[in-house]
Amino acid sequence: MKTVAAFPRPFKVRVRHTRGVSLPDPQPEELDPACAIQAKGLRKAYGNVVAVKELDLSVRKGEVVGLLGPNGSGKTTTILMLMGLTEPSDGWARVLGYNPLRDPLSVKRRVGYMPDSVGFYDHLTATENLEYTAMLAGLDAASRKARIREVLTHLELSNVADKKVGTFSRGMRQRLGLAEVLVKEPGIIILDEPTSGLDPEAAREFLAIIRALKERGITILLSSHLLHQVQEVCDRVLLFYRGEKVLEGTVGDITRRVMGSTRMFMLEVAGTDPNRVLASIPGILRLSKQGEGKWTVEADRDIRADIADGVTRGGGRLLALSDSEPTLDDVYARYFEHMRTKDAERAAMNSTEEQKFVRAGERSSAEEQETKGAAPQKEDSP
Ligand SMILES: Nc1ncnc2c1ncn2[C@@H]1O[C@H](COP(=O)(O)OP(=O)(O)O)[C@@H](O)[C@H]1O
Ligand SMILES: [Mg+2]
């Protein structure tokens, strides 16, 4: 590692800015010392694919923020830009005041980053893997030992400390990944899809650990496509759609904004088809089947009495009926239903616009032909 210093200095200057792109810097007044992470106009294009579109992001110190959205919506790319692992096409980012593009090492030293697939030396034990990480992080032998013992206990891995990592379950590997991140005692941790591939129980345990880290004042940015799963640990979430941040706020805020006064009910029935007996209730917005005899109902008012009435009159039996809070998945589904409708409308409009455009284009080129000789010469700008 130390041999890096032996390289002639000019190399350093050429490490980044590979395409000579000049990216904007923040104005001093844009930087907020209460924020651990800030970004503005952050954008990443891979050829024609815009992975992240002009993203504004701020994570206050001590906050837990979720980058949520389906696969391919730009979460990982955002994280890679914040870590200085990929170069933005535009915009700026600061992590604890450091520019990840120009000073990635300072960022990496202070941020515990867990990528979406964590790699370990499978033939080594958990402790040996952590030893290696701690050594790379520059911890001396005595503090390594103490830190490793502490994180293994904290992540409930003490009993498998001397087992080869190759034998670990996915849940154990994720916890070991977090242990590796925590060995460095970072002020910020960034976790990419930390619960993906975990069974519900392991995911719950993992999220409980995240909650405990928050209690210690650690700033956490995590990404996930499992919205309902992570929503409760996040102080704030950013919902992504095709590289764009489409909604931002607390889960409560976003839910209210998207769902408005919509109420949701869970319903379990036997002996009748709710589709048939409930459709005529005024105020009902949607009925969706969740499983055998299980339904969710959306309505613009409290229709529980009407549901009970409808099911009984339809000859069915009401096994359960409860009020339910919409989850982020419901919010997301509702939002995108709205977006898809708008997309379809826009597509329909574009095809008529396109026709108009073609016609206008035909006309203007014809006009151009006619007026060419008479038109004054356009002055070239200097
Ligand atoms: N190295 C790459 N080269 C080309 N396209 C990429 C690359 N990385 C990501 N993308 C594209 O960028 C978009 C966002 O990807 P990603 O950030 O991985 O999304 P997410 O993490 O939300 O699943 C996707 O369309 C993906 O195919
Ligand atoms: Mg990803």
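Helix H5 covers residues 141-154, and at 1.5 Å a residue its 14 residues should span 20 Å. The C-alpha atoms at its ends are 20 Å apart, which agrees with that expectation. The structure described here is a predicted model.

**Faces of helix H5**

- Ile-148, Val-151 and Leu-152 are the buried residues named in H5.
- Viewed down the axis of H5, the buried residues fall within an arc of 100°, so they line one face of the helix.
- Exposed residues Ala-142 and Ala-146 sit on the face of H5 turned away from its buried side.

- An open sheet is formed by 6 strands in the order E5-E6-E7-E3-E8-E9, with mixed pairing.
- Strand E5 (111-114) and strand E9 (244-249) stand at the edges with a single partner strand each, so one side of each has no neighbour in the sheet.
- From one strand to the next, the twist averages 15°.
- E5 and strand E6 (residues 188-192) run parallel and are joined by 4 bridges.
- Met-114 stands opposite Leu-191 in E6.

**Helices against the sheet**

- Helix H2 (residues 75-82) packs on the sheet, where it touches strand E3 (64-68), E6, strand E7 (219-224) and strand E8 (236-241).
- The direction of H2 makes about 150° with that of E6.
- H6 lies across E5 and E6, and runs at about 165° to E5.

How values were computed:
Residues numbered from 1 in each chain as written. Chains lettered and ligands numbered in written order. Predicted model: local features only at pLDDT ≥ 70, side-chain atom pairs only at ≥ 80, totals over all residues. Helix = DSSP H or I, 4+ residues; strand = E, 2+ residues; numbered from the N terminus. Expected span 1.5 Å × (residues − 1). Buried ≥ 20, exposed ≤ 12 C-beta atoms within 10 Å, placed from the backbone. Arc of directions from axis to C-beta. Pairing = 2+ DSSP bridges. Axes fitted to C-alpha atoms, helices over the stretch in contact; angles between N-to-C directions. Contact = placed C-beta atoms within 7 Å.
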